[in-house]
Amino acid sequence: MGTQRRRTINLYGWAVVIVAVLNQHCCHGSCTEKELEKREEEANIVLTGTVEEIMNMDPVHNTYSCKVRVWRYLKGKSRVNGEVLLDGGNKVMIGGFGDPGICDNQVATGDTRIFFVNLAPEYMWPAHKNELMLNSSLMRITLRNLEEVEHCVEGRLTFIHLLPGLGAVF
Ligand SMILES: *[C@@H]1O[C@H](CO)[C@@H](O)[C@H](O)[C@H]1NC(C)=O
């Protein structure tokens with residue numbers, strides 16, 4: 001009887017350990033991230049920047065926009081112009097934070113991140129006119145992340161640049 005009971009407790013203990021391990025290594029809720037190449041393809045603009053101000057908090061959907069100081073465009077700089085540029089040109093408004101369709105979607109003032117964005121489509125006007133909308137998860141700035149993103153962007157550019165050369169070879 002005593003042995004039986006100990007065995008049951010042991011099994012229960014193992015179950016707890018296994019569930020805990022799975023939780024940590026497996027699924028992070030139900031949010032799955034697309035691969036980086038796909039994310040880079042879907043975002044017309046990729047930039048690094050620092051969140052200066054959080055604004056336009058939507059109390060119903062818990063979404064918000066941020067004024068972001070841009071450090072560098074990794075992709076699509078020429079698409080960002082006119083009224084999209086704020087405060088003399090080095091800041092933009094980015095919307096879509098808190099979007100449940102995006103896994104890592106939260107920032108605080110002072111956070112510096114890589115942002116994958118698109119110009120707000122017309123159906124989002126006027127609320128998001130001249131805003132960039134978050135298109136996929138925020139990414140921390142590390143050398144490795146920067147290199148991986150640049151590699152995705154340049155991968156295609158290099159290929160396009162190579163084409164005329166290939167034509168000459170073949
Ligand atoms: C990201 O942009 C693509 C278009 O390139 C669009 O189809 C998709 O719905 C956008 N995703 C989000 C979460 O806005």
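Mentor: Start with a charged pair. With which residue does Arg72 form a salt bridge?

Trainee: I need the general idea before I can look for the partner.

Mentor: Side chains of opposite charge can pair when their charged atoms come close. A salt bridge here is a side-chain nitrogen of Lys or Arg within 4 Å of a carboxyl oxygen of Asp or Glu. Arg72 forms one with Glu150, and their closest N and O atoms are 3.0 Å apart. Arg72 sits in strand β2 and Glu150 in helix α3 (residues 143-169), so the pair links distant parts of the chain, 78 residues apart. Helices (H or I, at least four residues) and strands (E, at least two) are DSSP runs, numbered from the N terminus.

Trainee: What kind of model is this, and how are residues numbered?

Mentor: This is a predicted model, with residues numbered from 1 along each chain as its sequence is written. Local features need pLDDT of at least 70, side-chain atom pairs count only at pLDDT 80 or more, totals for chains, interfaces and linings use all residues, and side-chain values use heavy atoms, with hydrogens and water left out.

Trainee: Are Arg72 and Glu150 buried, exposed or partly exposed?

Mentor: Buried means under 20% relative accessible area, exposed over 50%, and partly exposed in between (1.4 Å probe, protein chains only). Arg72 counts as partly exposed at 39%, and so does Glu150 at 23%.

Trainee: How many salt bridges does the structure hold?

Mentor: The structure holds 10. One of them pairs Asp87 with Lys91, with the closest N and O atoms 3.5 Å apart. Asp87 is partly exposed at 47% relative accessibility, whereas Lys91 is buried at 11%. Through shared partners, salt bridges join Glu52, Lys67, Arg69, Asp87 and Lys91 into one network.

Trainee: In what order do the helices and strands come along the chain?

Mentor: The chain has 3 helices and 6 strands. Along the sequence, the pattern is α-α-β-β-β-β-β-β-α.

Trainee: Which residues touch the most other members of the largest nonpolar core?

Mentor: A nonpolar core is a set of buried Ala, Val, Leu, Ile, Met, Phe, Trp, Tyr and Cys residues joined through side-chain atoms within 4.5 Å. The largest one has 20 residues, and Leu47, Val92, Ile94, Phe97, Phe115, Leu132 and Leu134 touch the most other members. At least two residues each come from β1 (45-58), β2 (63-75), β3 (91-97), β4 (112-119) and β5 (132-134). The strand that gives the most is β2, with 5 residues. Apart from this core lies another, of 11 residues, including Leu74, Ile114, Val149 and Cys152.

Trainee: What is Phe115 in contact with, beyond its neighbours in sequence?

Mentor: Contact means heavy atoms within 4.5 Å. Leaving aside neighbours within four places in sequence, the partners of Phe115 include Ile45, Val68, Ile94 and Leu138.

Trainee: Which residues surround the ligand?

Mentor: A residue is near a molecule if one of its heavy atoms lies within 4 Å of it. Glu42, Ile102, Asn118 and Asn135 surround the ligand. A polar side-chain atom of Asn135 lies 2.4 Å from a ligand oxygen atom. A polar backbone atom of Glu42 is 2.9 Å from an oxygen atom of the ligand.

Key
A polar contact is a pair of N or O atoms within 3.5 Å; within protein, one must be able to donate a hydrogen and the other to accept it, and residues adjacent in sequence count only if both atoms are side-chain atoms.
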